[in-house]
Amino acid sequence: MFLLVNFASLENTKCTFDEISRTKISLLMAIYSFWIFDKHCNCIFDREWTLLSNSSSGTINSKQNEETAKLLYGMIYSLRSVTQKLSKEGTNNEVRSISIGKFRIHTYCTASGLWFVLLSDYKQASYSHVLQYIHSHIYVKYVTRNLLSPYDFAENKNETRGQGFRKINNRNFISTLESFLAPMILQ
Amino acid sequence: MEKPSATGGNPSSAPKQELTEQQKPQHQLQIFQNSLPKVSQIVYMMLLNEVVPLSVAVEEKRDDFSSKLEEESDEVTQTEEQLQRLHINPPLDSPSHQLCRNLYEADEEKHNRVLDRLRSIGFQIGNKVTQLLVFSNNPNLQFKDMDLLSVMKFICRDVWKQMFNKQVDNLKTNHRGIFYLFDYEYPPIQSFGLDSESSEKELQMVKPFLEVAVGVIKGVLASLGYNSEDVICLASYVDRPEEKPKTSFGKGVSFHVQVTVQ
């Protein structure tokens, strides 16, 4: 209930950045990695933290994570199609989180085909507000509204269907995202 | 409703239910502002920024067209070209970020042509914004005996407020026709950014986005009787003062305005 109240005020954007961060610290949760996929099945951003309790450790947009990204994408994609088939006609049945033995995957899909994926431990059930905040206040602000950055990361036909390699390297996006997610890496 | 602080009369002497002379225009301004249609700030800002890729695209199309005219030699190629130009779905322009990069890489001459186009778009906007603000019947505006300083104040306060929803942060002058308008958070460019290592390139690429405001300043001055030949207006970057909170775009903008008065 405590969480719900806090995030309800977040949606009115009255809640400042610090307040959100403090809420997160008080909950003591841990996240492991964060991914963004676009509508062309490409991974356009990945961030992995290797050392817990150290927000600057780990990799950003690394080549090594390409295979992991594909596996992750495949898993969410198949679970999505399963849930679409299981749902009744006319109702959309989105995957919100997938719990596996060691960790939990949280997903947030937009109508424009972007997937925001967060890997975390079991301490918190729902990260959908966090992912929604990342989409509306960080992605839209620093990628969509930035005329110097592409809005579609596949520049030609050859880069669609999971063949793309372009990533979000925007400095504002990365730094804001880092400072937003940093308090959650506490163990 | 608040009375403007500059008014001389004693407010308590006026009857409460009747509006005083100063309150009437305030009231009218309020009614006018409420009657204005409201649009989304973000959409308006995006459109204002989209003017830059638009100008680049227009310049590029013009180049293509003029080079095609020169190439026109015999009948066959001409009809072939005409056939090529016939599209059921005309191809889209390149995406905006590509056009911005083209402008950054363009040669001096083309770069200047695009900037001129941007300034003239801003000029038209500025001309009309003055008209709108005069019409708005704002009691703070006295256009009858306006000297250059109050015209510049009008730009800083009312024009900026109308266009960018904020005022210019600082205005400096030497009282001889040179003015500096400092805006430390020029709103249209606040979300812009490139990769971390290319900050010099970033500043160069963002620079054309300031030209619209340059045109607006010139347009407002022109509509208030200062010919655009007598006005020099340039935009440049300045460092933000320490006490200002940090924003995503690291630099403030300074508009240098020089007016030669005969």
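Four helices of chain B, namely helix 1 (23-35), helix 2 (41-71), helix 5 (108-135) and helix 6 (148-164), each bring at least two residues to the lining of the largest pocket. Helix 6 of chain B gives the most, six residues. Helices here are DSSP runs of H or I with at least four residues, numbered from the N terminus.

This is a predicted model, where local features need pLDDT of at least 70 and side-chain atom pairs pLDDT 80 or more, while totals for chains, interfaces and linings use all residues. Residues are numbered from 1 along each chain as its sequence is written, and chains are lettered from A in the order in which they are written.

A pocket is an open set of points on a 1 Å grid over the protein atoms alone, where a 1.4 Å probe fits, with protein on both sides within 12 Å along at least five of seven lines; lining residues have an atom within 4 Å of a point. The volume is the space filled by probe spheres set on the points, which are joined across faces, edges and corners.

| Pocket | Volume |
|---|---|
| Largest pocket | about 980 Å³ |
| Second largest pocket | about 670 Å³ |

Of the 28 residues lining the largest pocket, Leu36(B), Leu132(B), Lys161(B), Gln162(B) and Met163(B) sit closest to its centre.

On to the second largest pocket: 22 residues line it, and Lys141(A), Tyr142(A), Gln190(B), Thr247(B) and Ser248(B) lie nearest its centre. Helix 4 (128-144) and helix 5 (171-181) of chain A, plus helix 2 of chain B, each give two or more residues to that lining. Helix 4 of chain A has the largest share, with five residues.

Conventions
Side-chain values use heavy atoms; hydrogens and water are left out.
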